[in-house]
Amino acid sequence: MPPALWTLLTAAAFAQEAPATLTLALVTPREGLSVEARGVVLGEARIVALRDDGEGADEQAKDGVYTGSLTHGSARVLSLSLHARGPDGAEETLWEGLERVVHPEDRWVFRLEDGARRARRVAATPLHPQAPELGAAPTAASLAWAGLILLYVGTFFRRAEGPAP
Amino acid sequence: MSRVALAVIGALLLALALSGPAPWAGDAALVGRHFDLHGTIWFLSAAPRIDGALVDPLTAWPEGASLRRADSWTLLALGRILAGLSPVLLHNLLQPLAVASGALVMWALARAEGVSARWSSLAALTWAGAGLTSTALLEGHVYQLLNLSLPLLAWSWRRATAPEGRAAHGLAAGLCFAFALATSAYTGVAAAILTLTILLYAAATGRLRLAPLAAAAAVALPAGLLYLRVFADGRAVDGLRFVSRGFESRAAMLQAGSADLVTLAAPGPALDLWGHSQSSFLSPTALILALVAPFALGGARAWGPWLTLVVVGLLVSMGPSVSDGARTLLPLPMSFITDLPAAELLRFPARLGWVTLIGLGVLAAKVGEALEARVGRRAWPLFAFALIDCVVLGGMPWRQRSETAQAPSAYAGEGAIFDLYPESPDPTDEWNQRLSAYACFYQARHGRPIADDCVAPSWSQNPRSAKQAALTEALLADGDAAALLREWRFEAVALHPDLFTPGDRARLQSALLRIDPTPSESVDGGEHLLVFTLPTLHQTP
């Protein structure tokens, strides 16, 4: 979802040092995980629990989208790692690295496929673990739109070349 | 109100809408998505202090950085003329002004081609809503939007090759070419392609005239030679070493910077996250109108030169081959030059797409007007379609982002300061270049000399690269890091601790504490920063 115009404008106006909230989400078909994000934000070690129980930042329980939110004081870059503990209690590191922060940035979404050891950052938010990513949708939308315009413009020529009423 | 005044107001409103938060951000926020934005801000801040030898004494310390390979002399001139303004504020103001002036000049070009004021606005919309415009805004290349000389060049050549063409028109074309070259190297190459296309078309139709051609050459050739001389002195022709930038071949490097069948369509969210927002999006409405131009406009004289510009612009901006982003489908003329090392300088052929936009804008305006003559008001929805192209498909201003324009307060002080960042092994240099851009932006704010060469085209050519490796080794292996810093004439080290892994952070911090047990620390300006000062250097005469 694109940000609302007001959010966009005020994010710039208050970007100086205003606290910003970042939503972290892990989309996965794997069940029964305990997920947390660890990072150092402006010198402070932070741990954020990503939950799939419909509480807090999580919109819907048991939908395979683990969500948590991190409030930070206008950091430019975050050093972050994602960890998961399965039903057997073993901890896995799903993702680690640096990510740049821009405002207003609502969600960072990671996707962990079934059987994969590492999560990957995805650009658009998949609504469900089984839902396909956006991929070529913008291209398809553009082509469909061009087709509609062509049909519309085409009617001008048919009418002009037809017999006079 | 006159039509020109209406056009000015319309262009300004359109630019304000498309550039999003920039006009309102003042000095508080950097508006854009990618790290060239930080470099552009630094460039504006450095412009007033560049000496006659085009050296910036405060970067690439202590040698100083040569700006002979600077991308935009126009931006350099603007930075000098408007030296009293904050570079952040200047950049934020330039964004809407550049979009508005480009749209206005395209409107004027369509008017000069005989299109009515109303339909000429389609040319302005096609230009302002194009992917190249949004890319320049999002990537921080606002200077590429100061390319008014390209539509003016098209106008000059059209006049110069008309039966009433005079030497003065050729002179204007020569001046426009020189201004295009000063705007950016890519704009200069686009101007050369535009010139060749129009002249070849004129020659083919028997309209080439010698006097304007000679007048244009009298201005353009010396300007071009001077540019090449300065460019060559700056060792820009050394090339970018495609292998060191993670590409398997020079052709692959050129292809990655080219327009393809996917980037010509609407930009998707992945493009903003990983693709530097490099879109070659063209308005579908304008494309459809260009497609029907031969049917709507009749004789080839009305649409021939403009459609030729569209086709030639597409051929060059698609680089070595037609591609769908993943596979190459059809070789194009540029594939013949990929064996030349100098071809690496043309790393982003997509930026030559301005040639297409000029042809497309004028053609859309002409066809729109012709369709209105045919079907009356039923053609008016085309304006709405073009607006939808801009805002919905093109995605501006929704794709725009911002970040704090402050620098960490721990930078406050005097003397040269060495930024110590982690080094990424990623061969594309993405993070190394990004962190270098941050260091350069901070320099624009704190004003102290730094190790980075802010116009170095790659991390390996940045002098901080080798120095940072040596300093890190000295710090981690109990070497004499302080002696190294003294030798390089630095008086402080700025450690960016949060960006290192916990182990490296602890080891580096421990080693640096031996140099300065009481470092300055700040957590503002978007980063946690520790500044370790070498006390002995204060006594050096």
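Modeller: Let us start with one pair: L495(B) stands opposite L530(B) in β10(B). The model is predicted, with local features requiring pLDDT of at least 70 and side-chain atom pairs pLDDT 80 or more, whereas totals for chains, interfaces and linings use all residues. Residues are numbered from 1 along each chain as its sequence is written, and chains are lettered from A and ligands numbered from 1 in the order in which they are written.

Colleague: How do you know that β8(B) and β10(B) are paired, and in which sense do they run?

Modeller: Two strands pair if DSSP finds at least two bridges between them. Strands are DSSP runs of E of at least two residues, helices runs of H or I of at least four, and both are numbered from the N terminus. Between β8(B) and β10(B) there are 4 bridges, so the strands pair, and they run antiparallel.

Colleague: What makes the pairing of the sheet mixed?

Modeller: The sheet is open, with 4 strands in the order β7-β8-β10-β9 of chain B. β7(B) and β8(B) are parallel, over 4 bridges, while β9(B) and β10(B) are joined by 3 bridges and run antiparallel.

Colleague: Which residues of β8(B) are buried, and what makes them so?

Modeller: A residue is buried if 20 or more other C-beta atoms lie within 10 Å of its own, exposed if 12 or fewer, and partly exposed in between, with C-beta atoms placed from the backbone. A492(B) and A494(B) on one side of β8(B), and V493(B) and L495(B) on the other, are all buried. Opposite A494(B) stands D419(B).

Colleague: Why are helices α1(B) and α5(B) called oblique to each other?

Modeller: Angles under 35 degrees count as roughly parallel, over 145 as roughly antiparallel, 65 to 115 as roughly perpendicular and the rest as oblique. Angles run from 0 to 180 degrees between N-to-C directions, and axes are lines fitted to C-alpha atoms, for helices over the stretch in contact. Helix α1 (residues 3-18) and helix α5 (residues 87-112) of chain B pack at about 140°, with their axes 8 Å apart; the two helices are therefore oblique.

Colleague: How many residues of each class make the contact of α1(B) with α5(B)?

Modeller: Ala, Val, Leu, Ile, Met, Phe, Trp, Tyr, Cys and Pro count as nonpolar, Asp, Glu, Lys and Arg as charged, and the others, Gly among them, as polar. The contact has 14 nonpolar, no polar and no charged residues.
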